[in-house]
Structures are given as structure tokens and as C-alpha cells.
Amino acid sequence: MLHIVACIKQVPDTKIIKMNPKTNTMDRRTAPAILNPYDAHAVEEAVRLKERYGGTVSVLTMGPPPAVKAIKKCIEIGADEGYLITDRRFAGADTLATSYALTKALEKISKTNPVDLVICGKMTIDGDTGQVGPGIARRLEIPPLTSVNKVVEINKEEGYAIVNRKLEDGYEVIKSTLPCLFSVEKTINDVPYSSFPNMLKAAKYEPVIWSVDDLEGVDIKQLGLKGSPTIVSKVWAPPSPAGGTMLEGKPMEQVDQLISVILEKKELFTVKEG
């Protein structure tokens, strides 16, 4: 029986969010909070592995109290348990401090139910770093398998996992010892609509909530802003692209217009003097 923990995050919907033109920061009030799309695929894969091999799926997140909503979404997908670590002392964490806090929570979870596999999404859509998963693996001293797009086999009895990792020009097959950590691609599966029983369960579900004081052996200096060496010096929104030019007239007239436009872009051509 496997115990799989999916690490997730609640993020602003980047398709809707706007940038504050004065501060050049994301105005999170302009977009709804959603479950990070990559993490939804991680939870779905964990549920599929549970159905395939038997076991339990837990989800873990760090965030403000409203992040409970993301955990409930995971329960809808098919997760069994949810854990939220929330405390003002976590605020402002970069990837280093985030991986530290999540590792401490994973260590506490493992004391009551040893973790065989940790699954994360490849990255979050608000940060795009892809560093938290490997950071957790490094702290837990377990192998990190990144860009996983297929789980071939999990064998708890013999203590190994076999996966396909996505590469730019194909994929590679990797065999790893258990426990280990996967960070998964969106292409690993399709997340179906939630079943009605799961939706009912999620509506009533209340996750386990821990503060910093509930975790063990925590170095406060490694949490939040104090434990975050990453400094974002400047953020800005890219300028809107200029509007295109409509070509009018008959086909041959449009061809002449297009040639004129191309010839105006002299930097596209290199003239060699003969």
C-alpha cells in the first residue's frame, strides 16, 4: 500500500490577473485563486497510482487560510487527506524557504504514515521556477525525478519506480529507488470532471491545519522573508504588441504592398558588394 503526498499550491489565475502600472506587481485582487494547473495533474496521477497499486493520497500546501479551497479541489479529484501549513511566519517565502517549510511538514506526516512517494507539478504558473520539488527532494535526501510524463511502474516491495522523463528531443527511461519525488508534466494525464460523491465529500471536508509551532525542529531563520535569499529587483509588464497593417485591394496589389513592407525592413537583408 502506497502513501503518496502531492505538494500543491493555490495561485492567481494568470489568464485574468492584471499588473499594477504604478508598482509593476501582480494585483492578485483582480483574479480568482485556483489550484495550480500542474498540481492538478500531479494529484490526478497520485489518485491513478492509488487505484493501480492501492494506498492513500494526501495533499500538502503552504499558504493563507483560503488555501483550504485548493485542498478541497484535490479532494474532489480523489485525494484522501489534506494538510495546510499556515502562519504569518511563512509569509514572503521564496522557493528555498518554501521547500524548507514543506519538508518539515512532510517529516511530521511521515511519522504517522511513512511517505513512499512525493509528487509535485513541474512548476507553478505564478512563479515558473520549478525549484520547489527538487528542493524538497534535496532536503529529504531522496532522488528527484523531474519532467515526468509517464509512470511505468511502482514496486514498493522491491523499492523502485520506473518513469519516462520528457526531454527536448524525446524521452528517457529512469529507474529510481523509493522513496523518491516526481515533478510531473501536464501531458502525464487528463484531469476529468469530478464525480458527484467526491464533490460532496470535498464540500464537507476539513483539512488538518498546522502552524509553525505544530511542526518539529523548525529553524525560524529559514522561514518566510528571513529565510529567502532571492530578491526580485524589478518586475514589469511587457508592452502590448503594436497593431498589424491590413492589406487591401486585389491579390496582386496586396502582393506589391507586402513586398514594399518587407523591403522597408532593411535589417532582414545582408547585401554583399561584388
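Strand 6 (residues 55–62) and strand 7 (residues 81–85) pair in the parallel sense over five bridges; two strands pair if DSSP finds at least two bridges between them. M62 has I85 of strand 7 as its bridge partner. Strands (E, at least two residues) and helices (H or I, at least four) are DSSP runs numbered from the N terminus.

This is a predicted model, in which local features need pLDDT of at least 70, side-chain atom pairs count only at pLDDT 80 or more, and totals for chains, interfaces and linings use all residues. Residues are numbered from 1 along each chain as its sequence is written, and side-chain values use heavy atoms, with hydrogens and water left out.

An open sheet of nine strands runs in the order 11-10-9-12-8-1-6-7-13, with mixed pairing. Its edges are strand 11 (170–177) and strand 13 (208–210), each pairing on one side only.

Angles run from 0 to 180 degrees between N-to-C directions, with axes fitted to C-alpha atoms, for helices over the stretch in contact.

| Helix | Strands touched | Angle |
|---|---|---|
| Helix 2 (residues 68–77) | strand 6, strand 7, strand 13 | about 165° with strand 7 |

The axes of helix 3 (residues 95–112) and helix 4 (residues 132–140) come within 8 Å and cross at roughly 50°. Helix 3 is therefore oblique to helix 4; angles under 35 degrees count as roughly parallel, over 145 as roughly antiparallel, 65 to 115 as roughly perpendicular and the rest as oblique.

How values were computed. Contact means heavy atoms within 4.5 Å.
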